[in-house]
Amino acid sequence: MWVVFGVVIVLLACQRLLVSHVDHAALSTWGTIFVAIVVQSTPFLVGGVLLASVIATVLSERVVRRMIPSNPALAVPVAGLAGIALPGCECASVPVASSLMSRGVAPAVALTFLLAAPAVNPVVLVSTAVAFPGRPEVVLARFVASLLTSVLVGWLWLRLGGRVPLLNPRAAHAHGAGATQRFLDNVRHDFVHAAGFLVLGAMLAAAVNTFVPRHVVDGVAGHVLLAIVTMAAFAFVVALCSEADAFVAASLTAFSDTATLVFMVVGPAMDIKLASMEAGQFGRAFALRFVPLVLTVAVGSGCAIGWWLL
Amino acid sequence: MTRATQGVLLTLVGAVLIRITVDDTYLRYVNTWMRWPVLLCGVVLVLLSVSDLVTSSRDPRSESDGDEDREDVAHRVPRAAWLLFLPPLVIFFVSPPALGAFLAERATEAPPPSSGQLDSMLAPLPDEDPVEMGVTEFFVRAVYDQGVSLPERRVSLVGFVSLDEDGHWYVTRLGINCCAADATVTRVVVRGADAPPRDQWVRVTGTWVDGSGTEEDTAPAVDAEDVTTVEAPRYEYE
């Protein structure tokens, strides 16, 4: 947690310094992009929080257990496919996953859902098809690579035996509170917990968007390995919403198809905004293991599928 | 963070979201289709904090009951939650404008249009003179249609002014899909007229420079007869 505040303080201190060096246009551009990311993501976060509270209020542990196969190794791919049904941005899935875990779903299964939901839903696939006209193989490759990433991470997490601490268990209302009251409390609680980290991620992403010129990114496009690593890093730091990243990927025409695919697979699975939200929701120790794991698997499966299909 | 502060925070964020949709400020940051989601989200946030006020004032027993609860919640709220005050403050006090030349001179070019977009953009030009046309449409007609519909026609383009290192100036539009973070730029070189100040919105009337933009690495250009300054449109992205 303190690292997060450290970053903020350094950022604020830097900004003071930057004001004198960076012209006004750069700062106001930063402001516009920062506000844009927050305004764009907040409705999706609120939607996710509402859904998470519906799960927490309506679904009992018994019902959840009946819906999901008891064998976690089998439940992981089921969770991955279930991700198709939640058309939302990635910000929505963090509270939903946390809520699933508190309903007794195995962490690996909930994490698979967290990774799959923003990446394989119909809205994202349609926007990818629109961004890459006449190239259905890109849509297929994206779907397969993202699903593969989420299922692999789920299985690996099962194997490595990761427990996920629930840092922010909701205050238990043992008595007196009705279902509506409990529902509203859940929504408020989840929103306040997640939104701060969303803002932090938006601040960093806007800074990268503003201060790193795109031609620096384009400059390494020719080199095969470097291009893939750059695109992965770029996807991580710019933190675009998964419904829009295909358009940006399509506009980076200098890069190979595989590098573009890696960009679209890494983006929804892990970015700076999600890492910040996950550190807030599940703790820093969790984030330190989960973030690199997801990044590695996403880049790996992006490369493999890109080599196979594109 | 106390429960009361959380209430203030939710109300503030919700009220700001409602306000920017009502007075069209949201168009600087996100696409037009985000209007209803943002408005709805603002209303939900305000209702949430209002419902909390109502229940805690109506039911004194639950308040005394909930005191320990509240203490607990207050301890567990991460301090990052305070950051949520920042966006409303930035919107109120800085009110960042829509993206302009600073980003346009750095952003990546817009991706090629899909075949559906191409069909609608390449419909026969109307008979008016000059033809009113979006910067993106002009760009697409020159680059992806080899300019077949453009010779002999006067066109009128509206956009803002951006520059490059070589001393050219451009009539420019940015396009966004979701929000300003994914902006891409479309711009057309203006020849035969002095550059207005950066970021100034202008209407450029002129004709296509024959062959410009049809070959790789050349930008489409327009020979200006007339450049007038205009007001920025309500929705500045294209």
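Analyst: **One residue in chain B**

B:Thr172 is buried, because 28 other C-beta atoms lie within 10 Å of its own. (Buried means 20 or more such atoms within 10 Å, exposed means 12 or fewer, and partly exposed lies in between; C-beta atoms are placed from the backbone.) This is a predicted model, in which local features need pLDDT of at least 70 and side-chain atom pairs count only at pLDDT 80 or more, while totals for chains, interfaces and linings use all residues. Residues are numbered from 1 along each chain as its sequence is written, and chains are lettered from A and ligands numbered from 1 in the order in which they are written.

B:Thr172 sits in strand β3 (residues 169–175) of chain B. (Helices, H or I of at least four residues, and strands, E of at least two, are DSSP runs numbered from the N terminus.) Leaving out residues up to four places away in sequence, B:Thr172 touches B:Ala104, B:Val135, B:Gly159, B:Phe160, B:Val161, B:Ser162, B:Val185 and B:Arg187. (Contact means C-beta atoms, placed from the backbone, within 7 Å.) B:Val135 is 37 residues from B:Thr172 along the chain, and their C-alpha atoms are 7.0 Å apart.

**Chain A**

Chain A meets chain B through 53 residues of chain A and 58 residues of chain B. On the chain A side, α1 (2–21), α2 (24–58), α7, α9 (179–211) and α12 each supply at least two residues. The most come from α2(A), with 17 residues. By class, this side has 35 nonpolar, 15 polar and 3 charged residues. (Ala, Val, Leu, Ile, Met, Phe, Trp, Tyr, Cys and Pro count as nonpolar, Asp, Glu, Lys and Arg as charged, and the others, Gly among them, as polar.)

Helix α7 (residues 122–131) of chain A has the buried residues A:Val124, A:Ser127, A:Thr128 and A:Ala131. They are on the same side of α7(A), because they cover an arc of only 105 degrees around the axis. (The arc is that of the directions from the helix axis to the C-beta atoms.) An α-helix has 3.6 residues a turn, so residues three or four places apart point the same way. The cover over these buried residues includes α6 (107–120), α8 (136–160) and α12 (245–251) of chain A.

**Confidence**

The mean pLDDT of chain A is 81, with 84% of its residues at 70 or more. (pLDDT is the predictor's confidence in each residue, from 0 to 100.) Over residues 171–175 of chain A, pLDDT stays under 50. Where pLDDT is low, the predicted coordinates should not be read in detail.

Notes
Contact = placed C-beta atoms within 7 Å.
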